[in-house]
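Subject: The model, and what turned up in it

Hi there,

Here is the structure I promised to pass on. Could you have a look at it alongside my notes below?

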Amino acid sequence: MSDSSAQSLKQLKIKTGVVKRLHKEESIYTQEVVDQKKVIEKLKANDADGADIRAAERVLRDSEMMIPRTKSQLEEAVQALDDLVNALQSEDAISSSAEYKDAVEQLKQVQAA
């Protein structure tokens, strides 16, 4: 395998990893927002201390702020990976590799979500 092919596979692996991580982060932040809203409702229902409620609301705001940022980073990473996959699809040595197949599968998962 040539150096350029090895470098391309390395880039595929890195970019695929970035997309996986950001996709996971986005879903975690989204779930955290849902969970934190439940915590706040429970605190209010139990007449909890105002400081506890404000602290929980602060955590909620922080999580809500992370979602658009993570989504933006994910969109950029998906575009970069998609561009690389499209550029490499004509190279048989790469397009038949496990890294390439993993990248394509990851793109499908993110686009389906």
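First, the ground rules. This is a predicted model, in which local features need pLDDT of at least 70 and side-chain atom pairs count only at pLDDT 80 or more, while totals for chains, interfaces and linings use all residues. Residues are numbered from 1 along each chain as its sequence is written, and side-chain values use heavy atoms, with hydrogens and water left out.

**How the helices pack**

Helices here are DSSP runs of H or I with at least four residues, numbered from the N terminus. Axes are lines fitted to C-alpha atoms over the stretch in contact, and the angles run from 0 to 180 degrees between N-to-C directions. Angles under 35 degrees count as roughly parallel, those over 145 as roughly antiparallel, 65 to 115 as roughly perpendicular, and the rest as oblique.

Let me begin with helix 1 (3-45) and helix 2 (residues 50-88). Their axes are 7 Å apart and the packing angle is about 160°, so the two helices are roughly antiparallel to each other. Their crossing is left-handed, a term that applies if the near helix is turned anticlockwise from the far one by less than a right angle. The residues of this contact divide into 23 nonpolar, nine polar and ten charged. In that count, Ala, Val, Leu, Ile, Met, Phe, Trp, Tyr, Cys and Pro are nonpolar, Asp, Glu, Lys and Arg are charged, and the others, Gly among them, are polar.

Helix 4 (residues 98-112) crosses helix 1 at roughly 25°, and the axes come within 9 Å. That makes helix 1 roughly parallel to helix 4, and this crossing is left-handed. On the helix 1 side the contact (heavy atoms within 4.5 Å) involves Leu9, Leu12, Lys13, Thr16, Val19, Lys20 and His23, which meet Glu99, Tyr100, Asp102, Ala103, Gln106 and Val110 of helix 4. Six of the residues in the contact of helix 1 with helix 4 are nonpolar, three polar and four charged.

Helix 2 also packs with helix 4: the axes come within 10 Å and cross at roughly 140°. That makes helix 2 oblique to helix 4, and their crossing is left-handed. Helix 2 contributes Leu74, Val78, Leu81, Asp82, Val85 and Leu88, and helix 4 contributes Tyr100, Ala103, Val104, Leu107, Val110 and Gln111. This contact of helix 2 with helix 4 divides into ten nonpolar residues, one polar and one charged.

**The cores**

A nonpolar core is a set of buried Ala, Val, Leu, Ile, Met, Phe, Trp, Tyr and Cys residues joined through side-chain atoms within 4.5 Å. Buried means under 20% relative accessible area, exposed over 50%, and partly exposed in between, with a 1.4 Å probe and protein chains only.

The largest nonpolar core has 16 residues, and those with the most contacts inside it are Leu12, Val19, Leu81 and Val85. Helix 1, helix 2 and helix 4 are the elements that give two or more residues to this core. Helix 2 provides the largest share, seven residues. A second, separate core of six residues includes Tyr29, Val33, Ile40 and Leu60.

Leaving aside residues up to four places away in sequence, leucine 81 touches Leu12, Lys15, Thr16, Val19, Ala103 and Leu107. Threonine 16, in helix 1, is buried at a relative accessible area of 3%. Beyond its neighbours within four places in sequence, threonine 16 is in contact with Leu81, Asp102, Ala103 and Gln106.

Serine 5 is also found in helix 1. Serine 5 is buried, with a relative accessible area of 9%, and, neighbours within four places aside, is in contact with Glu91 and Ile94.

In helix 2, valine 59 is partly exposed at 37% and touches Glu32 and Gln36, not counting residues up to four places away. Methionine 66, in helix 2, counts as partly exposed at 22% relative accessibility.

Finally, which residue has a positive phi although it is not a glycine? Aspartate 47 does, with a phi of about 50°. Most residues other than glycine have a negative phi. Aspartate 47 lies in the loop between helix 1 and helix 2 and counts as exposed at 69% relative accessibility.

Best wishes
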